[in-house]
Structure formats: C-alpha cells, structure tokens
Amino acid sequence: MIDQLLKAAKCADALWRREERTSIAFESGRLKTAGITEEAGINLRVMAEGRMGVAGTTAATPDLEALVARARASAELGEHLDLAFPPTSSLPSVPTFFDRAANASLDQLIALGRGLVERLAREGCQVNVAIEREVGETAVGNTAGARGGYPATGVAVTAEIIRIASDDVLMIYDQYVGGDLPSGGDLEALVRSIETRLEPALTIVSPPEGALPVVFTPAGLAAVVLPLEQALSGKTVIQGSSPLAARVGEQAFDTRLSITDDPLAPGGPASRPLDDECVPSARTALVDRGIVRGFVYDLETAARAKARSTGHGRRGVFGKPQIRYTNLIVGEASRDVGAQHAAPLLGGGLIADITDGLIVDDLIGVGQGNVIGGGFSHPVGLAYRVQRGEITGRVKDAAVAGNVYDLLKSIAGFGSDGRWLGSRWSASLRLDGVSVARR
Amino acid sequence: MKDRLAAALKTSRADYTEIRVERTWSSAVTFRGRRLETATVSEDQGGFVRALNRGCGWGIASFTSLDALPAMVGRANQLSRAVRLDKPISLAETVPQVADAALDLDGDVRGISLAEKKKLIEAYNGAMLAVSDAVVDTSAIYRDEVSEVWYVNSEGTALAQLRPEVSISGTAIARRDGTIEKGLESIGLRKGWRSVHGLEERFRIVAQRAVDLLDAPRVQGGAYPVILDNELAGVFVHEAFGHLSEADFVYENPQAREMMTLGRRFGKPVLNVGDNGAASGLRGTLPYDDEGTPTQDTPLIKEGMLVGRLHSRETAAALGERPTGNARAISFRHAPIVRMTNTYIAPGRAGATREDLIKDVKLGVYACGAFGGQTMLENFSFTAAWGHMIRDGHVAEMVKDVVLAGNLFQTLDRIDHIAGDFTWNQMGGGCGKGGQFPLPVTEGAPHVRIEEILVGGDV
C-alpha cells in the first residue's frame, strides 16, 4: 500500500501502522474486564511546490487518491520548507519483537495478573492490576527510495494499591513496560518496589520546612526531567524558547549529569531500528558530564535549524510527525543501564547523611506550571521524611519548589537504584537546597 | 447505520450487548511563532462493542474497520465468557431510549474552508506576537470537529447523536535573559464556526500577562487565606471534589464507601456543588451518555453535606443508587467510565462580590486563571496562571508560580465565603482519567474564599 501511495504522491513519505492490543483489568483484586483493540491507519506527507501537507486515514480500504488530494490541499496553506527525504540506508539491528509476548494467550495474561494480585493482596488495601499486550507492525517509506519496517511487541503491567484508613488515602503505583513479557525477576522487582514504599508509608509524620536535601526517586524525578526534555528538543530550539539553545559546549550542569537518548538500548521499551521518517536509529548524546552536547530533531525541525535529523520523528495516523524521545537515559555516564535491581532501597542509598529532608516519589500536577522556564512547585503525592539518616514516615500537606537549572548545577548524587520507568532509565537523584513548604 | 448496528446486535449471543460507532470529521490549524505548523482535515471512524454475561465480566472490542463489526460482536462475547466472576456485575435499570439528538451546529465547521480557519487563528496568533518583542514564541491552535455517534444496546436503546466541538487556544512565551514565562488562553465550546470570532483582545491580554510575569516575584511558600477567581475555582471543584464523587472510586472499596457516606459533612453551609450534563450549550453537555442514559443535573454537595455522586449503570447498581448519565468514553477506542460533565460551585448570596471576599484579608493571595490541576483523591494540586498578593484588604503586587496544595477534608471545609458572580469557564483542553484524555468538560464557579491553604514556593 505504501508503494502505491508514494507512486501517486510524487514527493512524499508515508507510514502505515497496525496494532492489536489485548488488555485485562483486575479491579479490587477481581478480574472484571478483557478487551481487544484492532487499529490500522496510514499517515501521508507530501511536498508540493516546496510546501508540506499531511493527511491520514483509519479507513480499512482507503481511497488513496482522495488521501493524496487531502494532503495536497493541506500543503497549499503550508509554509516553505527545504525538506529532503533521507535516501535508503542500512538499518541497525535491535530486537523489537518477542515471540513469547506475541504468543501469550489470554489465559496466560490472566494468570500473570492473578499472580500479581495475590502477591500484592493486603488487609485493608484495594489492589488494581492491568495488563496490556500489544502486537504491531510498522512500515515506512519515501519517494527517495528508503523503505523500512519492523514488527513489534509491547507489554505494560501496572499495579496500584489504594489504602484508605479513615480519612487517609494512600496510593502506591508501579509499572513494568517492555517489549517482552516480564521475567520472574521483573515481577519480583515490581512487587518489592511497591512493598518498599508501602511499609514506611503506614506511619504519618509531620513534614519539615526550609531549604532541604531532597531525594527524587526514579518516579519522583519526572518534575526535574520534564523541563530538560523540553529544552533539549529541537522544536523549542528553533522557536527560540529553549534555555539551552545557546549553551552547546557549555558546562550547564554538574559533571555527574549525563542525558542520552538511545533507541538501540537492548530491551528498551522504545527501541526500534528506524524512526517514522525513515531515519536510521542511533544514540544521541544530549548532555555529557554536565556539558550540553546537542538536541533531538525530526526532519522538519532539522531542516529549519540547519541541523541533521537525529531520528526522532514520530507520527500518528493524523497530523504531521512530531519530535519524540525514545529511551531516555538520565544519570551518571559510567553507570550501566540494565536490569532493575531486584530489591531496591527506598532512597537509593543517598540518605545516610541527611539530618532532615525528604524522599519524593510522586508529585501532583507535574507539567502544569511554567515548565520551559525550569521552575517547579508541586504538592507531594507520596513523600517520606528522612531524619538523621533514617526514613521516619510519610509526610502529607507539603509542597516542594525550585528551579531545575539552579538545582542541577550541583548534584549531591545519583543512587544505586537505577531502573526503567516507562521508557526513561534513571536512578534516584539527590538535590540539596530544595524548598519544602508546609501548612 | 442504525439498521446495520441493529442487525449486528441480533447476532450477539451475550446476555447484554452494546455497540457504539463513531465517525468524526475534524480540522485543525496550528501556528507556532510566525509559522504555520499544520492545516489538516481528518476523518476518523471506528466501533466499540461491549458484552456482558451472567457470572462473567465485561468483554470489550474496539476496531477501526467497520467491516469487522459482526466478528467483533462475537469476540466481545467470547472475551466476556473468559472472565469468570463470583460476584456478578449488574446494571441499574434504565428506560430504553430511542432518539435522534442533533446538537445545534451553530455554523457547520465542515462548510468552512481551511483558508478561512487559518485566517482566523493567524489573527489571534498575531495579536499575541504584536504585544511585545519579549514575546519570543507562541502557539495558537484552532481545532474543530463534528462527530456522529450511533449507539444501540440489547435492551432496546437506539440513539443517533450529532456532537459539534470547536476550540481555540493560545500560549505566549515571554523571555528576558534567563527568565521565561507563559500566558495561556483556551476556549472550548460545544458549538461551531459562529462562536469563535472577535476574540483578539483575549489573546492580547494573555501575551501581555506573560510579559508582566517576567517582572513578578515568585510567591513565597506558606499557608495563606486565598481567594480563587471564577476560572481557578472551577478547576478547584473539579479536582478537589469532582473526582471523589465519581462512584467508580468507591463502589469496590468498603473503606472508600465509608469515607464517602452520603450525609457526611464536607463543607460549611455556604457550599453547594453539582454536576450538570444537561446544561445548555456547554462543552460537557450531552443529551445522553455513552451507555444511553439521559444526562441530568446531579447535586453532589448541598449546604455542605454530601448528597450524591456520579454514576454509570454498573456503579449505580453496586451502590443501590440511580444512574446519573455520567458514563463517558473519549472515543470508540475506549469503554465508558464514570466521568464529570459540567461541574459547578453554585453562587453564594446574590450581589456578593470579589471585594466582599477580599476586604477583611490582611495578608493573602488572589489566585487567578488556571494552568491545570491534578488529584490524588485526598490530596490535589491546582496551578494558577498568575496571582496577586492581598494586603490589608486590597489586591496588591503580581506574583507568579502560584500552586495550591489542597486536601479534601480540610480545604473544602475552609471555604467560608462564596460570591454571587457565577460564570461557566468555557475552556478547551479536557480531563484525563484511566488513560482517556482529553474528555471535554466544563467547570463553573463564582469567586470563592478559602480561609487557609498551602501555597508552594520558596520558604
């Protein structure tokens, strides 16, 4: 279908993707729902007289001529763009399809979920578990002759414990996301990760106040990483709103901070051999030992920035390609990325010398402030107080605030608890001097 | 189409079956800075089947190929039978509905050219860019859609609905040296082309605000009396209480049921809260929800007491209450779950103004506009777009990064004054829950005073 479409469109590229998803959901420990989703669609981009237009369809037997006409109409309004589609090239090899995941039966998925529910069951706790398995196929091509495609599997296991004791609501969440089914070790890590956070949360203590050391767990780190993800995107660079755009080659952060995007990470949840614009996958160093090295680009932003695409074009059925990170590795450059520690220590081994501070595992409202400026201010969703090197209990009604560009100039350390969380790999991060307010 | 669905329904061997098919026509024009990003027209369609059998769970199938409909009816039944349940799922009784419900298209967006839509959003984008050289980046998005939704179930409900939607949003980024601030305008309406003109001034204002925020200090963290403007008070009620009133949170959890017992006091007698999916012309408005239940005005808090909650047919049956028409899905890709529609804090004493709420506050914060909100049920955050300090009963200097940290059991009860100046916020964006985002909802409120609430920031 891609070949036919490209022939009709002259100067163009296209993506076809088909996905079949099987999902099961346990509510309060009981299996309640089983479902499937089947979806297929085509996204077409044309260049007509130097202008770009896009169109997409989910129709089962699409009218290809109409699709091309729709893309051309979209191009008529478009801006001039010097976009060259990449020629054919050899692709790196990275596993994206796992037979075990593809062939798992509904009963196997149910058994997996049931096992997890049983291990997480606690008196007075509601356990919700969901499993989603996706089998998909992607094909991309362009009129410069490039073709690519790959089958892929993906599995997401999410588990949540809700404990309500009179008026106290405690929610602890964890997930496994990967190309293959979780191993016994992955499930053990998931259970232990929830248990490790549940037990100290049963005691509620009053929050501290002031500029304090705060350990952000891999989950709690989202508020710190989000501004960097925006600033390291070629999109904000060409818009003039990236605080890092003019700082390539500069020491903007502590030497312990490195950030790499790696679509070829073995077993990485977002690994793939090429992006959705036929650009072969390669590692991109964004920050190396605190020095800003580069940005991620798709074809369009690269053309406008007079840079090269780093292979970060991602497209859905509708709309034009957008920049999307793949596997984002955040931490010390020397640390290995690999399997999750089976029994991670809450705090990542970073709390021994903290006299008074916090471990932050979840913040509420991440992404809703002035993210691009680097400022954050959030009530804690799940956080623990650390006193004299020990976790003394969970704190409520506290809020943390700071600016990541100030705080990351000096890092107190990364922990020993590196793990995947979605498609981000990181360990706990300790920052000193984070503002903690309380009521 | 209804006949096609009725025929497919007849082939089902499940005890209960429902089919929803949607066809959505949409267009979008996006500017980023001075550059047009995209101008596209899209058509999306697909179907959803849900089956239920006695002693079994839900079987669900969603698909983009309508040719697969008969096969999917069979798959949903098989999936339901694969889920064995000791405690059966029952659905609260509803009267089967047969209707064609077409909402007013208010200027059918399908008849307007992309070039005209581009011209409109370009003018709003230009209004932001013209404010100051300090406005370094903007994003301006025009989006519209008309969806046709067909719904049938095996109890005799057969509905055809036509739902229009149009939204316009603008973000202005202002920058001076290392300081970057933003202003946000967002308008979302369940209406059409006629309703989105003459809005330049609103976009100019938000861009000017982004520039003004460059000079504003960050708010100092701590507990303050806070007055919320209408927009933020709307987001507040959505996050603070709306999500807790969704019965899928309580129906399977005995402790949660106890915590949310009807009759429990959550606020002072000034506080009245409800959710009204039948309100006229709002973004969360629908004649029927995605289980075919008519929508209604549901009181949730009356004079400070919990009096109701939002239901699907399943949660209503489990709690022995009545369905409220709040089972909603963002598209055929998803099952309906319990969601809000148009959630509101009812106005206080007629004639009570913002000034009445501020005049006896010695030191406080006037929190305005909304960048967003999120809840973890007991605790929640809501982020103001900007704020002012209140000093000795007067609105004083502008402050930024005003993020409020709420607690369900404390914050609601500390609402001590509610003005009479109620408005609905016709905002774009939407609500996210269970992987379903963005769901069109509206919030409405007057100015509201909270005696004391935690504001995050430097201490």
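In this predicted model, strand S2(A) lines up parallel to strand S3 (residues 58-63) of chain B over six bridges, with strands being DSSP runs of E of at least two residues, helices DSSP runs of H or I of at least four, both numbered from the N terminus. Two strands count as paired if DSSP finds at least two bridges between them. As for bookkeeping, residues are numbered from 1 along each chain as its sequence is written, with chains lettered from A and ligands numbered from 1 in the order in which they are written. Since the model is predicted, local features need pLDDT of at least 70 and side-chain atom pairs count only at pLDDT 80 or more, while totals for chains, interfaces and linings use all residues.

The contact between the chains takes in 65 residues of chain A and 71 residues of chain B, where two residues are in contact if their C-beta atoms, placed from the backbone, lie within 7 Å. On the chain A side, at least two residues each come from S2, S3, helix H2 (64-76), S5, S6, strand S15 (375-387), strand S17 (398-403) and strand S21 (429-438). S2(A) gives the most, with 12 residues. By class, the side of chain A that touches chain B has 23 nonpolar, 27 polar and 15 charged residues; here Ala, Val, Leu, Ile, Met, Phe, Trp, Tyr, Cys and Pro count as nonpolar, Asp, Glu, Lys and Arg as charged, and the others, Gly among them, as polar.

S2(A) also has a partner in its own chain: seven bridges join S2(A) to S3(A), and the two run antiparallel. Ile42(A) has Thr57(A) of S3(A) as its bridge partner. The two strands make a hairpin with two residues between them, and Glu49(A) in the turn has a positive phi of about 50°. Six of the seven residues of S3(A) are buried, so S3(A) is largely enclosed by the rest of the structure. A residue is buried if 20 or more other C-beta atoms lie within 10 Å of its own, exposed if 12 or fewer, and partly exposed in between, with C-beta atoms placed from the backbone.

Chain A splits into domain 1 (2-202) and domain 2 (210-438), with bounds that come from an automatic or database domain assignment. Taken over C-alpha atoms, the centres of the two domains of chain A are 22 Å apart. Their contact involves 40 residues from domain 1 of chain A and 36 residues from domain 2 of chain A. On the domain 1 side, strand S1 (12-27), strand S2 (30-48), strand S3 (51-57), strand S4 (125-142), strand S5 (147-165), strand S6 (168-178) and helix H5 (184-198) of chain A supply at least two residues each. The largest share, seven residues, is from H5(A). This side of domain 1 of chain A comprises 19 nonpolar, 15 polar and six charged residues.

Chain B is likewise assigned domain 1 (2-213) and domain 2 (222-455). The centres of these domains of chain B, over C-alpha atoms, are separated by 22 Å. Here the contact draws 35 residues from domain 1 of chain B and 30 residues from domain 2 of chain B. S7(B) brings the largest share of the domain 1 side, six residues. That side of domain 1 of chain B has 13 nonpolar, 13 polar and nine charged residues.

Now for the sheets. Chain A has an open sheet of six strands in the order S10-S9-S8-S13-S20-S19, with mixed pairing. Strand S10 (291-292) and strand S19 (419-421) of chain A sit at the edges with a single partner strand each, so one side of each is left without a neighbour in the sheet. Strand S13 (residues 328-331) of chain A runs parallel to strand S20 (residues 424-426) of chain A, joined by three bridges, and Leu328(A) stands opposite Arg424(A). In chain B, six strands form an open sheet of mixed pairing, ordered S11-S10-S9-S14-S25-S22. Strand S14 (residues 342-345) and strand S25 (residues 442-445) of chain B are parallel and share three bridges, with Thr343(B) opposite Glu443(B).
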